[in-house]
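Here is a short tour of a structure, starting with one side chain and then stepping back to the whole chain. Take a look at the sequence and coordinates first.

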Amino acid sequence: MASYTENLNLLKKDPVADGADTFNITTMLNDNWDKIDAAKGQIDSALSNKVNAGAPQVYDLPLSSGWTNYGTSRSRYWRNQFGEVSVIVDISNDGAVQHSSVVAQLPTGFRPAENFDVPAVLYDGNNQTCLKCFVRAASGEIIVASSAQTTWPEATYFIAQLTFMASS
């Protein structure tokens with residue numbers, strides 16, 4: 001007895017049960033080819049829409065109190081058509097910076113599915129310190145962190161670049 005495929009509903013003849021049937025070019029071949037061709041067209045259209053989507057809209061990163069963009073730089077974030085979020089943090093602070101200071105917060109729709117951290121650099125006027133930039137998934141907070149849990153009395157410059165998949 002004939003059956004049909006799950007996704008495209010293509011006709012499948014059973015050689016044992018249907019072996020004596022007359023071969024019908026329309027139902028056994030052409031209808032199946034038309035279904036395959038239509039599915040291929042839908043896939044091509046969907047991929048073309050993604051490829052031709054253009055550049056994503058770029059937003060200014062909402063900075064926490066006390067933080068400003070460094071010089072003429074602009075801290076920003078965006079999300080592409082594939083759900084990948086990119087963030088550039090290029091900021092300064094005139095005062096002391098505590099370990100676990102929140103420097104910015106990503107809005108809903110631009111947050112990761114899980115907490116993560118990336119390498120970052122903090123410059124205090126005399127030294128560059130390699131540390132990490134931690135992102136909290138639930139709140140979207142971007143945090144200055146170090147394993148030494150240090151306070152930097154004159155942190156003047158903080159830079160990090162993040163790329164991750166947005167939570168769905």
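Which side chain has a polar atom 2.8 Å from the backbone nitrogen of Leu-11? That side chain belongs to Asn-32.

## About the model

This is a predicted model, in which local features need pLDDT of at least 70 and side-chain atom pairs count only at pLDDT 80 or more, while totals for chains, interfaces and linings use all residues. Residues are numbered from 1 along each chain as its sequence is written, and side-chain values use heavy atoms, with hydrogens and water left out.

## Around Asn-32

Asn-32 sits in helix 1, which covers residues 25-51; helices are DSSP runs of H or I with at least four residues, strands are E runs of at least two, and both are numbered from the N terminus. With a relative accessibility of 11%, Asn-32 counts as buried (under 20% relative accessible area, with a 1.4 Å probe and protein chains only).

Leaving aside residues up to four places away in sequence, Asn-32 touches Leu-10, Leu-11 and Thr-27, where contact means heavy atoms within 4.5 Å.

## The whole chain

The protein has one helix and 13 strands, in the order β-β-α-β-β-β-β-β-β-β-β-β-β-β from the N terminus. Its radius of gyration is 27 Å, well over the 15 Å from the globule rule for 168 residues, so the protein is more spread out than a compact globule (C-alpha atoms are used, and the rule is 2.2 Å times the number of residues to the power 0.38). Along the principal axes, the C-alpha atoms fill a box of roughly 90 × 30 × 25 Å.

Buried residues make up 33% of the 168 residues.

How values were computed: Buried < 20%, exposed > 50% of the residue type's maximum accessible area, 1.4 Å probe, protein only. Polar contact = N/O pair within 3.5 Å; in protein donor to acceptor, adjacent residues only side chain to side chain.
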